[in-house]
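Here is a short briefing on side-chain packing.

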Amino acid sequence: MSRPDPIEESSLAILEKAAAISGIDPTRAELVRAGSNTIYRVGDIIGRVGKTGTTDTAVRELRISQWLNASGLPTVHVADVANPLAVVDDRPITWWQRIPDHRAATTTELATALRQLHALAPPTTFVLTEHEPFAGLRRAITSAGRLAAEDRAWLLDHHDALWKQYSQLEPPARKTVIHGDAWQGNLVVPVGGRPILVDLDRVSLSRPGWDLIQVAADHTDFDRLSEADYLAFVDAYGADVTTDPAFRLLADIQELRWTVFALSRSEASESAADEVRHRLACLRCEIDRPWRWNAL
């Protein structure tokens, strides 16, 4: 049985304080998702509680929303409240308009939106950061309490080997504006409306392959996506990242990130701890692909 998650309890208390600052009644707050941000629905408003020390990222996220919408790429809108950004205990809380009655995008819709995004010139009124695929991973592995010593040592060695390979890659010819967490759930489609980009905190500059790797890995490593659906994604985008010499490295880094996310949930969840052990066995090649990983 999962124990009450202290991270979620702390996030709710912070959300309630931020709601008072922004003039919002938090009594109807409902948890939507706990991930890199903890997200709550408060009536027709969405509150995103960021991690400690990420206020600069939250400020940039608000600017990115305004810039992308002005650029003609439909993106989640900042909520019309007195203070769309509040900071409580060094944790930023941003407020967004809720998108009602929507579904996750198809792979074709995602590819089309990514093609549009990657064609944009970087903004001139603020600076996009460089994408950092290894950000926080080593620290998370080192500090994880529920991890056997041999597993920790293996993960750290794996992390360092991937980092060394990535640092030796040839730089891309052009650094592209990327979403940074591109999967079907981060492009939502309202009933009768155009697809809308959400979760903007990782929008940055890097090689476009980062925005293609999750869908590609779903097809090649997990068999979550049929050949026809993957080819539709490739056709709509106009390129196939699996033909890139860097594909295997990018996929390995992404799968390490997914494993470390499960590790971050394992303190409060036995199912997450079991999932960590399973994912580690996959990364160690003890289980043949296609893998089956449970969502957390």
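The points below cover the cores and one aromatic cluster.

This is a predicted model: local features need pLDDT of at least 70, side-chain atom pairs count only at pLDDT 80 or more, and totals for chains, interfaces and linings use all residues. Residues are numbered from 1 along each chain as its sequence is written, and side-chain values use heavy atoms, without hydrogens or water.

**Nonpolar cores**

- A nonpolar core is a set of buried Ala, Val, Leu, Ile, Met, Phe, Trp, Tyr and Cys residues joined through side-chain atoms within 4.5 Å.
- Buried means under 20% relative accessible area (1.4 Å probe, protein chains only).
- The largest core has 65 residues; L68, L114, L147, Y230 and F233 touch the most other members.
- Beyond four places in sequence, L68 contacts (heavy atoms within 4.5 Å) L73, T75, L117, L120, L197 and L200.
- A second, separate core holds 15 residues, including I45, A79, V88 and I93.

**Aromatic pairs**

- The structure has eight aromatic pairs, meaning Phe, Tyr or Trp rings (six-membered for Trp) with centres within 6.5 Å.
- F222 and W291 are edge-to-face (planes over 60 degrees apart), because their planes lie at 75°, with centres 5.8 Å apart.
- F222 lies in the loop between α6 (213-220) and α7 (227-237), while W291 follows α9 (270-283), 69 residues apart.
- F222 is buried at 3% relative accessible area, and W291 is buried at 3%.
- One aromatic cluster comprises F222, W258, W291 and W293.

Definitions and conventions. Buried < 20%, exposed > 50% of the residue type's maximum accessible area, 1.4 Å probe, protein only. Phe/Tyr/Trp six-rings, centres within 6.5 Å; stacked < 30°, edge-to-face > 60°. Helix = DSSP H or I, 4+ residues; strand = E, 2+ residues; numbered from the N terminus.
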